[in-house]
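Let's work through some exercises together. Have the sequence and the 3D view ready, and try each task before you read its solution.

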Amino acid sequence: MKSLTAKQAAAAVAAAVLTGLAFAAGPVQAGSLEREAAGMADLSIRLSDISQAAIAAPEPGNKSLNMNDLLVLLQDADPVVRKAALRSSRNLIANSRVYEQVMEMMDDRGEEPGVRLEAARTLSYAAQYNRVQDALEQTASNGAEPAELRIMAYKALWSSANGNSRVQQFLVDSVWSEKEPAV
């Protein structure tokens, strides 16, 4: 027997509650027994349809992008879509085509600030790669970049510092050389 997901279980409970409410609606008046029976049959059919639709519906968390879809969304005209695509790219960020595109977004000064910030955050999942580390180091140490972006670049590098002496040294040197107190 197939186990029910939370969504399917909720649909089954809703169907049971609606059926119970239909039976508890009140006393049956004389002559209306046929109408009640027809109404119950109709309700039963509708509840069955709802249950089947809930069982057949995909789980909302199981949607995943393939790399080509993600690359298209990362270049969408709407910054909200680009930002959402960045948030969804965690599973695909290890692909060089993806992290190259994300690095370009982080470096693009014409890009929306929130999108650039999300790009830096997303790169933390690929911070084990030398090219990503170099891009993050460059952004973090560039005093012309917004403080929020620089802070996020430093945070993204933090995850790769464990066991990487080059990144560790960069972070230590940055502590002593950083001019902006917030950063």
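**Exercise 1.** Which residues touch the most other members of the largest nonpolar core?

Before we start, note that this is a predicted model, where local features need pLDDT of at least 70, side-chain atom pairs count only at pLDDT 80 or more, and totals for chains, interfaces and linings use all residues. Residues are numbered from 1 along each chain as its sequence is written, and side-chain values use heavy atoms, with hydrogens and water left out.

*Solution.* Step 1: know the term. A nonpolar core is a set of buried Ala, Val, Leu, Ile, Met, Phe, Trp, Tyr and Cys residues joined through side-chain atoms within 4.5 Å. Buried means under 20% relative accessible area, exposed over 50%, and partly exposed in between (1.4 Å probe, protein chains only).
Step 1: look inside the core of 32 residues, where Leu74, Val102, Met106, Leu123 and Leu136 touch the most other members.
Step 2: find the elements that give two or more residues to this core: α3 (67-74), α4 (79-87), α5 (96-107), α6 (113-123), α7 (130-141), α8 (147-158) and α9.
Step 3: In soluble globular proteins, nonpolar side chains tend to be buried together.

**Exercise 2.** How many helices and how many strands does the chain have?

*Solution.* Step 1: helices (H or I, at least four residues) and strands (E, at least two) are DSSP runs, numbered from the N terminus.
Step 1: counting them gives nine helices and zero strands.

**Exercise 3.** Is Val167 buried or exposed, and which residues does Val167 touch beyond four places in sequence?

Step 1: with a relative accessible area of 0%, Val167 is buried.
Step 2: using contact (heavy atoms within 4.5 Å), and skipping residues up to four places away in sequence, we find Gln133, Glu137, Leu157, Ser160 and Ala161 touching Val167.
Step 3: check one partner. Leu157 is 10 residues from Val167 along the chain, and their C-alpha atoms are separated by 7.2 Å.

**Exercise 4.** Is Trp176 buried or exposed?

*Solution.* Step 1: find Trp176 in helix α9 (residues 165-177).
Step 1: its relative accessible area is 74%, so Trp176 is exposed.

**Exercise 5.** How far apart in space are Ser177 and Ser141, C-alpha to C-alpha?

*Solution.* Step 1: Ser177 is found in helix α9, and is partly exposed because its relative accessibility is 45%.
Step 1: Ser177 and Ser141 are 36 residues apart in sequence, and their C-alpha atoms are 9.3 Å apart in space.
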